[in-house]
Amino acid sequence: MSRETTEAIKTTQPIQADNKIALGWREWVALPDLDIGRIKAKVDTGARTSCLHTFRTEPYTENGERRVKFWVHPVQNDLHHVVECDAKVLDERTVSDSGGHKEMRLVIETTLVVGDQSWPIEMTLTNRDSMRFRMLLGRTAMAGRSLVYPEASYLAGKPALRT
C-alpha cells in the first residue's frame, strides 16, 4: 500500500453500514443514568465487558435489592472532579484483566450514549487509576451496533444528550 493510500485511510470519514455507528479506537461517550455527561472511553474489542473506573465502592441493600454507591473521577489526572453514582447491582463476576489477573467485580446496567445513539449496557466497576482511560467500551456493548476503525479517533463526535 502506498503512503498516499495510507494517508487517505487515516483521514477519510468511514462509511456507515446498516445504521451502525462508526467508532475509532477512542471515543467520547456519556453515561446519563450516572450523571456523567462526558467521559473518554477506549474502544476495546479484546475486552468482553465494558468497565468504569471507580476509586471507591459501597455495596448496600435497600428494600431487598442489591445496590452500590460508587465514586468516579471521570477525567484522567483530575482528582478534584468527582461524580457520586448509585446503581442496582446486576451480578458479581470474576473478570480477567489484560495481564491475566482475576478480580471479582460488581456489574451494573446503565445507558450508554455514543454520538446521537443510546442503548443499555452492562458495565463492571474497578479501579483504573493507573490506566489512561477511565472507561473501556467492550465488544458486548458494541455488538451489532457499531463498526470499529482502529486507525481513527472520535468518529462519533460528542455525545448528544437528550433532555
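Which strand gives the most to the lining of the largest pocket? Notes on that point and others follow.

1. **Basis.** This is a predicted model, in which local features need pLDDT of at least 70, side-chain atom pairs count only at pLDDT 80 or more, and totals for chains, interfaces and linings use all residues. Residues are numbered from 1 along each chain as its sequence is written, and side-chain values use heavy atoms, with hydrogens and water left out.

2. **Largest pocket.** Its volume is about 630 Å³. The search runs on a 1 Å grid over the protein atoms alone; a pocket is an open set of points with protein on both sides within 12 Å along at least five of seven lines. Lining residues have an atom within 4 Å of a point. Grid points are joined across faces, edges and corners, and a volume is the space filled by probe spheres set on the points.

3. **Its lining.** The lining holds 28 residues. Nearest the centre lie Ser96, Asp97, Ser98, Arg105 and Leu136. β7 gives the most, with four residues. At least two residues each come from β3 (36-44), β4 (50-53), β7 (83-96), β8 (102-114) and β9 (117-126). Strands here are DSSP runs (E, at least two residues), numbered from the N terminus.

4. The largest pocket's lining has six nonpolar, twelve polar and ten charged residues. Ala, Val, Leu, Ile, Met, Phe, Trp, Tyr, Cys and Pro count as nonpolar; Asp, Glu, Lys and Arg count as charged; the others, Gly among them, count as polar.

5. **Second largest pocket.** The volume here is about 150 Å³. Arg26, Trp28, Arg38, Lys40, Pro74, Val75, Gln76, Arg132, Phe133 and Arg134 form the lining. β2 (26-31) and β3 each supply at least two of the lining residues. By class, the lining has four nonpolar residues, one polar and five charged.

6. **β7 and its partners.** β7 pairs with β6 (residues 65-72) in the antiparallel sense, over six bridges. Two strands pair if DSSP finds at least two bridges between them. Phe70 stands opposite Cys85 in β7. β7 also runs antiparallel to β8, joined by seven bridges. There, Arg93 stands opposite Arg105 in β8.

7. **The β7-β8 turn.** These two strands form a hairpin with five residues between them. Gly100 sits in the turn and has a positive phi of about 85°.

8. **Positive phi outside glycine.** Asp35 has a phi near 60°. Asp35 lies in the loop between β2 and β3 and is exposed, at a relative accessible area of 62%. Asn63 has a phi near 55°. Asn63 lies in the loop between β5 (56-62) and β6. At 81% relative accessibility, Asn63 also counts as exposed. The cut-offs, for a 1.4 Å probe and protein chains only, are under 20% relative accessible area for buried and over 50% for exposed, with partly exposed in between.

9. **Val148.** At 32% relative accessibility, Val148 is partly exposed. The C-alpha atoms of Val148 and Leu23 are 4.8 Å apart, although the two residues are 125 places apart along the chain. Leaving aside neighbours within four places in sequence, Val148 is in contact (heavy atoms within 4.5 Å) with Leu23, Gly24, Val43, Thr45 and Met142.

Methods. 1 Å grid on protein atoms, 1.4 Å probe; cavity = no way out; pocket = protein on both sides within 12 Å on 5 of 7 lines; lining within 4 Å.
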